[in-house]
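This report looks at charged pairs and a surface patch in one protein model. Please keep the sequence and the structure in view while reading.

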Amino acid sequence: MSHRTIRVRQEPPVCFLTLDRPDAGNAINRTMVEELRDALRGLDRSVHVVVLEGSEAVFCVGADFQDFADDAAPAGVDPGDLYDLWLDLATGPFVSVAHVRGKVNAGGVGFVAACDIALADASAEFSLSELLFGLFPSCVQPFLARRTGFQRAHYLTLTTRPVPAAQALSWGLVDAVEADSALLLRRHLQRLRRLSKDGVRRYKDHVAMVNPALTDARSAAVAANRAMFSDPATREGLARYTRTGLFPWEE
């Protein structure tokens, strides 16, 4: 199957999903969400490991603001669909592994936090920029807090400042960091390949049952996102930033 925003490579028991919008910083749009969900639904029956990665320079910069600047652009991301994609990564019958290099912002952090395992190289840098635009990462927060705890997620949201890979490791946002993340990934896959699909499925089902926080938070998180992005002033601020590069407080 051909895709417009991702590349899919299945090497059972591993499937590699690569975000592939290089000219847009691998920004998330509706097509990307649909293609990723379709890819997860279409996994070979023997696949029990899914690796999600971006480019060497950029993992994912978050939502595509072009959706707000161009009236002819396709409809923006539906927050319910995006949240459900992250739920798929967090609770699906496979081990989800984020392979992170370069810049990670906003919804990109959501992808990392949703995965079972997050591996990064030393170039990785993580940020939540939403409050700079009068938004907050309502859909990212439940997944992020699951990894870092509330206060670290709170701090990242309020400061909007980037944190390097070493800091992300100490906070639990990522599980391992090395200069050569490709080698780090290969070492992990050597062991993950040995797991049984049924064992992974049973374990993931159990974890989702005893820790229902992600599912419980969905309704409030999605409602908050829809309310924010329906605000005309907020949408105009995003459109203006895309056209001019000026933040809302700049003349």
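## A bridge from helix α10

Arginine 226 and aspartate 78 form a salt bridge, with their closest N and O atoms 3.2 Å apart. Arginine 226 belongs to helix α10 (residues 213-229) and aspartate 78 to the loop between α2 (66-69) and α3 (79-91), so the pair ties together parts that are 148 residues apart in sequence. Arginine 226 counts as partly exposed, at 43% relative accessibility.

A salt bridge here is a side-chain nitrogen of Lys or Arg within 4 Å of a carboxyl oxygen of Asp or Glu. Helices (H or I, at least four residues) and strands (E, at least two) are DSSP runs, numbered from the N terminus. Buried stands for under 20% relative accessible area, exposed for over 50%, and partly exposed for values in between (1.4 Å probe, protein chains only).

## Basis of the model

The model is predicted: local features need pLDDT of at least 70, side-chain atom pairs count only at pLDDT 80 or more, and totals for chains, interfaces and linings use all residues. Residues are numbered from 1 along each chain as its sequence is written, and side-chain values use heavy atoms, with hydrogens and water left out.

## Other salt bridges

The structure holds 14 salt bridges. One of them joins arginine 7 to aspartate 20, with the closest N and O atoms 3.5 Å apart. Arginine 7 lies in strand β1 (residues 6-11) and aspartate 20 in the loop between β2 (14-19) and α1 (30-41), so this pair ties together parts that are 13 residues apart in sequence. Arginine 7 is partly exposed, at 47% relative accessible area, and aspartate 20 is partly exposed at 27%.

Glutamate 53 and arginine 101 also meet through their side chains in a salt bridge (3.9 Å, N to O). Glutamate 53 lies in strand β3 (residues 49-53) and arginine 101 in the loop between β5 (95-100) and β6 (103-105), so the pair ties together parts that are 48 residues apart in sequence. Glutamate 53 is buried, with a relative accessible area of 10%, and arginine 101 counts as buried at 15%. Elsewhere, Asp198, Arg201 and Asp205 are linked in a network of salt bridges.

## A nonpolar patch

Leu131, Phe136 and Leu158 form a nonpolar surface patch, with about 280 Å² of accessible area together. Patches consist of residues with over 30% relative accessible area and no salt bridge, nonpolar side chains (Val, Leu, Ile, Met, Phe, Trp, Tyr) being joined within 5 Å and like charges within 9 Å. Accessible areas come from the Shrake-Rupley method with a 1.4 Å probe; for residues, only the protein chains shown count as cover.

Leucine 131 sits in the loop between β8 (125-127) and α5 (140-148). Leucine 131 is partly exposed, with a relative accessible area of 37%.
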